[in-house]
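Subject: The structure, and some notes on it

Hi,

Here is the structure I promised to send over. Have a look at it first, and then read my notes below.

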Amino acid sequence: MRIAICDDDPLWCEQAEKIITEYMQKTHMEAETHRFTSGEAMFAQMEQPPDVLFLDIELGADANGIQTAALVNEKWRRCQIVYLTDYLNYATHVYHTEHAFYLLKNEFADRVGEVFQRIDFRRRQNASELMFSLSKGGMIVLLPEEIQYFERKKRETEIYTESTVWTVRENLSEAMRQLSETEFVRCHNSYLVHFSAVKEYQREYFLLKNGVRLKISRSYSRKVRDVFLQWARMQMSE
């Protein structure tokens, strides 16, 4: 496992590395750690993307860890981010980024095992492959994290990813059987959305990060609200 620690306090970087190293030794896991005092240094010096990034939010007077996390989400999509901070007041801001955990620094030593258990769970969850039948023949294999949303059009379903639209035979009910019910939700007879792609949730629609707006029909609104709140609470507890 390749681990990066990014914090403008070199002493904390050293302390965090010690906590991680001791946990790795205790659990007989192998890892290489890299310490950085800025996001710029990390991006410049990491030859290969880290599997896990332990990231502070206040990275000096002019640097913001949330902005760094957004770049990590874009450049290193498989990297799991753990926010380590001295402050709780950022808890509602970090959910503009994809991350695995939000934790106070003074709790890290006591909860490091919980953090790595969550990382392992997400790694295994994200590694699960989804298979769909292409409408013109053949199969496509996707990871859940690649998918933004599904749209049903007549007798076919379009799967939207960041770079491609795939046309498959499965209807939305068949597609949902492969998906996590805590990460995806049917919001309309024509739409099935991945929460990680959502920028804004309103009673009548989802606004996605790419600007697409998906309608939430009245018949699905209550389930959408319940599942979305459950997902949000799970994110807040991490």
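In the charge count, Lys and Arg are positive and Asp and Glu negative, with His and the chain ends left out; each charge is placed at NZ of Lys, CZ of Arg, CG of Asp or CD of Glu. By that count the protein carries 31 positive and 36 negative side chains, and the centres of the two sets are 12 Å apart.

Please keep in mind that this is a predicted model, in which local features need pLDDT of at least 70 and side-chain atom pairs count only at pLDDT 80 or more, while totals for chains, interfaces and linings use all residues. Residues are numbered from 1 along each chain as its sequence is written, and side-chain values use heavy atoms, without hydrogens and water.

Now the overall build. There are 6 helices and 15 strands in the protein (DSSP runs numbered from the N terminus: H or I of at least four residues for helices, E of at least two for strands). The radius of gyration is 19 Å, close to the 18 Å that the globule rule gives for 238 residues, so the protein is as compact as a globular protein of that length. Here the radius is taken over C-alpha atoms, and the rule is 2.2 Å times the number of residues to the power 0.38. Along the principal axes, the C-alpha atoms fill a box of roughly 60 × 35 × 30 Å.

Of the 238 residues, 46% are buried (buried is under 20% relative accessible area, exposed over 50%, partly exposed in between, with a 1.4 Å probe and protein chains only).

Next, the aromatic rings. The whole structure holds 16 aromatic pairs: rings of Phe, Tyr and Trp (its six-membered ring) with centres within 6.5 Å, called stacked when the planes are under 30 degrees apart, edge-to-face over 60 and tilted for the rest. In F54 and F116 the ring centres are 5.8 Å apart and the planes at 55°, so this pair is tilted. F54 sits in strand β3 (residues 52-55) and F116 in helix α4 (residues 108-127), so the pair ties together parts 62 residues apart in sequence. F54 is buried at 1% relative accessible area, and F116 is buried at 4%.

F195 and W231 have ring centres 5.3 Å apart and planes at 35°, so they also make a tilted pair. Both F195 and W231 are buried.

Finally, one aromatic cluster is formed by W12, Y23, F54, F108 and F116.

Best wishes
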